[in-house]
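Hi everyone, thanks for making time for this. Let's go through one protein chain together, starting with the overall picture and then stopping at a few residues along the way.

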Amino acid sequence: METKAHNPTGWMQGFGLNHAIEVSGASRTLYLSGQTPSDADGAPLHAGDLVAQYKAAWSNLLDALASAGMDASHIVRLNFYTTDVPAFMAAADEIMPIHGEAGAQFASTLLGVAALYHPDVMIEIEATAAA
C-alpha cells in the first residue's frame with residue numbers, strides 16, 4: 001500500500017494534518033467506530049481533562065488497530081468529535097504531535113457536538129485505516 005498527501009495549501013500541515021490522502025495498492029480497509037476515553041467496561045475516564053481524555057481515546061484507537069494487525073501508520077482518515085472546540089484548539093499543540101510521533105498521516109475533520117455518549121466525555125475519535 002502507498003499513500004500520498006495532497007496539500008494545495010500548507011496551513012493544515014501546521015497541525016500535522018493533510019487536505020487529502022490518496023491510497024493505492026491497499027487490499028484491506030478498516031472502518032473504526034468512534035473511540036472514547038473509556039475503560040474496558042465503557043466507563044468514562046479523566047472527567048474535565050480534554051488532553052488526558054484525548055490520550056485515552058487515542059490509546060483505545062491504537063488497540064483497535066492492533067486487533068486488526070494495523071498501527072497508526074495505516075490511518076488515512078481521522079475525525080474528531082468534541083463537546084468543546086475552543087478547548088480542543090487550545091490543546092492542539094499538545095494533542096496533534098501524538099499522531100506524527102506514532103507515524104500517522106491522514107486527512108481529518110474536527111466537529112463540535114452538543115453531547116457524546118456520557119456527559120463526562122469530551123472527545124471521540126473515528127478513523128479509517130488501509131493496509
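So, what is the chain built from? Its secondary structure comes to 4 helices and 6 strands. Please keep in mind that this is a predicted model. Starting at the N terminus, the order of the elements is β-β-β-α-β-α-α-α-β-β. The radius of gyration is 14 Å, close to the 14 Å that the globule rule gives for 131 residues, so the chain is as compact as a globular protein of that length.

Of the 131 residues in the chain, 39% are buried. The accessible surface comes to about 6600 Å², and carbon and sulfur atoms account for 51% of that.

Take the contacts between residues at least 6 apart in sequence: 74% of them join residues at least 24 apart.

In soluble globular proteins, nonpolar side chains tend to be buried together. In our chain, the largest nonpolar core has 29 residues, and the members that touch the most others are Tyr 54, Trp 58, Ile 75, Leu 78, Phe 80 and Ile 125. Which elements each supply at least two residues of this core? They are helix H1 (50-67), strand E4 (75-82), helix H3 (92-95) and strand E6. H1 gives the most, with 7 residues.

Beyond its neighbours within four places in sequence, Leu 78 is in contact with a whole list of residues, including Tyr 54, Trp 58, Leu 61, Phe 106 and Ile 125.

Next, Tyr 81, which sits in strand E4. Tyr 81 and Leu 110 are 29 residues apart along the chain, yet their C-alpha atoms are separated by 6.1 Å. Leaving out neighbours within four places in sequence, the contacts of Tyr 81 include Leu 111, Val 113, Leu 116 and Met 122.

Now let's visit some loops. His 74 is in the loop between H1 and E4. Is His 74 buried or exposed? Its relative accessibility is 18%, and buried means under 20%, so His 74 counts as buried. Setting aside neighbours within four places in sequence, His 74 is in contact with Met 1, Thr 128, Ala 129, Ala 130 and Ala 131.

Compare that with Ala 114, in the loop between strand E5 (107-112) and strand E6 (123-130). With a relative accessible area of 82%, Ala 114 is exposed, because the cut-off for exposed is over 50%. Ala 114 and Thr 83 are 31 residues apart in sequence, but 5.7 Å apart in space, C-alpha to C-alpha.

One last stop, and it concerns the backbone. Most residues other than glycine have a negative phi. His 46, however, has a positive phi of about 60 degrees although it is not a glycine. Where do we find His 46? It is in the loop between strand E3 (29-35) and H1. At 41% relative accessibility, His 46 counts as partly exposed.

That's my tour, and I'm happy to go back to any residue you'd like to see again.

Terms used:
Residues numbered from 1 in each chain as written. Predicted model: local features only at pLDDT ≥ 70, side-chain atom pairs only at ≥ 80, totals over all residues. Heavy atoms only, no water. Rg over C-alpha atoms; globule rule 2.2 N^0.38 Å. Buried < 20%, exposed > 50% of the residue type's maximum accessible area, 1.4 Å probe, protein only. Contact = heavy atoms within 4.5 Å. Areas by Shrake-Rupley, 256 points an atom, 1.4 Å probe, with all protein chains shown as cover. Core = buried A, V, L, I, M, F, W, Y, C linked by side-chain atoms within 4.5 Å.
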